[in-house]
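Trainee: I would like to learn how to read a model of protein with DNA. Can we go through one together?
Mentor: Gladly. Let us look at it first.

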Protein chains: 2
Amino acid sequence: MDSKPIRMVTVPKAVIKRLPMYFRFINQLIEQGTERISSRELSQLMGITSSQLRQDLSYFGEFGQQGYGYKVVTLKQAISSIIGLEKIYNAIIVGAGNMGKAIAGYPGFSRRGLKIIGIFDNNPEIIGNKLGSLDVLDVKTLPEFLNKNPVEVGIITTPASVAQEIADILITAGVKGIWNFAPVLLHGNKNVIIEDIHVGDSLMTLFFKLNKNK
Amino acid sequence: MDSKPIRMVTVPKAVIKRLPMYFRFINQLIEQGTERISSRELSQLMGITSSQLRQDLSYFGEFGQQGYGYKVVTLKQAISSIIGLEKIYNAIIVGAGNMGKAIAGYPGFSRRGLKIIGIFDNNPEIIGNKLGSLDVLDVKTLPEFLNKNPVEVGIITTPASVAQEIADILITAGVKGIWNFAPVLLHGNKNVIIEDIHVGDSLMTLFFKLNKNK
DNA sequence: CTATACAAGTGAATTTTATCACAAATCAAA
DNA sequence: TTTGATTTGTGATAAAATTCACTTGTATAG
C-alpha cells in the first residue's frame with residue numbers, strides 16, 4: 001500500500017504573498033457563520049480565479065472534497081497552521097510616535113499572536129508615558145532589555161534616519177524577525193527575517209493610478 | 001527624418017509596483033548629493049538586477065546615457081512625473097484613531113502632495129479635538145463637507161465593520177481615489193481607484209517566513 | 001586622436017506565474 | 001440504485017515577468 005507522494009516543489013513567492021488574503025477572507029466567513037464554500041464562490045468573493053485558489057492551496061496539501069467544496073473551519077485551521085498563527089511571538093516596538101501607538105493599540109495583532117512586551121523612544125517628553133499597560137522606556141536601555149527578556153520580533157517605527165542603528169541593536173541581540181515601518185532598506189544577515197511595510201509606497205501607487213486614469 | 005517610434009505596450013503590473021521603490025532610492029541619492037549613477041550601482045543598492053532596472057525604466061522612456069549612466073536629478077524628475085507627484089490632492093481622513101493620527105501627522109505625505117483638509121470620527125469624545133491645525137469633525141457631517149469642498153482622495157482608517165459604509169459615502173460624493181487601511185475588500189465602481197494597505201497582511205507574511213525558517 | 005572601458009537600451013531566451021480543462025470523486029434527487 | 005450536477009486537484013498550456021547577451025554609443029586616459 002503506497003502512501004501518496006509529496007510534490008516536492010518550493011512554494012512560489014506569489015503564492016506566499018496571497019496567504020494573508022486567504023486567511024482574511026476565511027476568517028470573515030467564519031464570523032458570518034458560513035460552514036462550507038466552493039472554490040468558485042470563495043474566489044469570487046476575493047476577486048481572483050477559482051483555479052488560482054485551488055492551485056495555491058495545492059502547494060500545501062488537500063483541504064477540500066470533490067463535489068462538496070471546503071469546510072470553512074478546516075480551511076481556517078490549515079491556513080493558520082501554514083502561516084504559523086498558533087504561535088505567540090514576544091515583540092518590542094521602537095518609536096512611540098503615532099505609528100508605534102497605532103501598532104501597540106490595535107487588538108487585531110495581539111489576537112494573531114503578537115505580544116508587545118516593551119515600547120521604546122528617545123524623546124524625554126515621551127519616556128515614562130503610559131501606553132496601555134506599558135511604560136515608554138528609554139531607547140538607551142534597549143540592549144539591556146533585550147538581554148533580560150526573550151524577544152523574537154522587533155518593530156521599527158522610528159524615523160528613517162535612525163532605523164538602521166536600531167536594527168543593528170536588534171540583530172545583535174538575536175531577534176528572529178524585524179517588522180520595519182521606516183522607509184529605508186535595512187541591512188541584516190541570514191539569521192534575521194526583515195519584513196518591510198512602506199506605507200508611502202502604497203500612497204504613491206494610488207497617485208500613479210489616479211494620474212494614469214486622468 | 002523619422003521620429004523614434006514609441007513602443008506601444010502596456011506597463012506590466014510588476015513594474016508599477018516597483019515605481020515607489022525607485023523614487024525612494026533616487027530621493028535618497030539626491031539627499032546624499034550623488035550626481036550620477038549607473039544601473040549596476042543603483043540596482044545593487046536596491047537589491048535587484050541591473051537589467052530589471054533598465055528594462056523597467058524603458059517602459060517610460062530613455063533617461064540615461066550610454067557609457068555614463070543616469071543623472072540623478074533627471075531620473076528623479078522623470079519618476080516624479082511618471083507617478084504624478086507634482087500634483088496636489090485634497091484628502092480627508094475618516095477615523096481619527098491612532099492610525100488616522102499617524103497618517104495626518106506624517107510630514108512625508110504632505111511633502112508628496114497629499115493635503116489633508118478634514119478628519120472625521122463618530123466618537124463624541126474625540127469629535128472637537130484638535131489634530132494639528134484641524135478639528136476632528138462628526139462623521140455625520142461628512143456628506144455635507146464633501147459637497148462643499150473639493151476632495152479627490154478619501155482615507156479610511158476606521159474599523160472594518162464600517163469601512164464599506166464610509167466608502168459608499170465617498171464614492172457617492174465623487175472622490176477619485178480611496179486609500180483603504182481597513183482589512184476588508186471594498187466594493188467600488190470603475191470611476192474610483194481603491195488602493196488597499198493591509199498592515200496585518202504584512203505581519204502575517206513575517207510570521208510565515210519566521211515559521212518556515214524554524 | 002586613438003584605444004579601451006563603460007554602460008544604456010532592447011530583442012530574445014528563460015523562468016515564473018496564472019489559467020485551462022479534464023479525470024476522479026462526491027452529492028443529491030428521482 | 002442510478003443518473004446528472006458539482007467540484008476538487010492537477011497535468012498541460014498560456015501569459016507574464018525576469019534575465020541574458022549583444023549592439024550601439026559615450027567617456028576618458030594616454
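Mentor: Start with one contact: an N or O atom in the side chain of Gln52(A) is 3.5 Å from a sugar or linking oxygen of DNA strand C. A polar contact is a pair of N or O atoms within 3.5 Å; within protein, one must be able to donate a hydrogen and the other to accept it, and residues adjacent in sequence count only if both atoms are side-chain atoms.

Trainee: What should I know about the model and its labels?
Mentor: This is a predicted model: local features need pLDDT of at least 70, side-chain atom pairs count only at pLDDT 80 or more, and totals for chains, interfaces and linings use all residues. Residues are numbered from 1 along each chain as its sequence is written, chains are lettered from A and ligands numbered from 1 in the order in which they are written, and side-chain values use heavy atoms, with hydrogens and water left out.

Trainee: Which residues are closest to DNA strand C?
Mentor: First, the rule: a residue is near a strand if one of its heavy atoms lies within 4 Å of it. Here 28 residues surround DNA strand C, and the closest are Arg18(A), Gln55(A), Gln66(A), Ser39(B) and Arg54(B). Of the atoms of DNA strand C that come within 4 Å of the protein, sugar and phosphate account for 67%.

Trainee: Which other atoms make polar contacts with DNA strand C?
Mentor: Take two. Arg18(A) has a polar side-chain atom 2.7 Å from a phosphate oxygen of DNA strand C.

Trainee: Which element gives the largest share of the surface near DNA strand C?
Mentor: Elements are DSSP runs, numbered from the N terminus: helices (H or I, at least four residues) and strands (E, at least two). The largest share comes from α3(A), with four residues.

Trainee: How do the residues of that surface near DNA strand C divide?
Mentor: Sort them by type. Ala, Val, Leu, Ile, Met, Phe, Trp, Tyr, Cys and Pro count as nonpolar, Asp, Glu, Lys and Arg as charged, and the others, Gly among them, as polar. Near DNA strand C there are five nonpolar, 16 polar and seven charged residues.

Trainee: What about DNA strand D? Which element gives the most there?
Mentor: That is α3(B), with four residues. Now look at the bases. A polar side-chain atom of Gln66(A) lies 2.5 Å from a base oxygen of DNA strand D. For Arg54(B), a polar side-chain atom lies 3.3 Å from a base nitrogen of DNA strand D. The backbone also takes part: an N or O atom of Gly64(A) lies 2.9 Å from a phosphate oxygen of DNA strand D.

Trainee: Which residues of helix α5 in chain A are buried?
Mentor: Buried means under 20% relative accessible area (exposed is over 50%, partly exposed in between; 1.4 Å probe, protein chains only). In α5(A), residues 98–105, the buried ones are Met99(A), Gly100(A), Ala102(A) and Ile103(A). They lie on the same side of α5(A) because they cover an arc of only 160° around the axis. The arc is that of the directions from the helix axis to the C-beta atoms.

Trainee: In what order do the strands of the open sheet in chain A run?
Mentor: Two strands pair if DSSP finds at least two bridges between them. In chain A, seven strands form an open sheet, β6-β7-β5-β4-β8-β9-β10, with mixed pairing. Its edge strands, β6 and β10, each pair on one side only. β9(A) and β10(A) pair in the parallel sense over four bridges.
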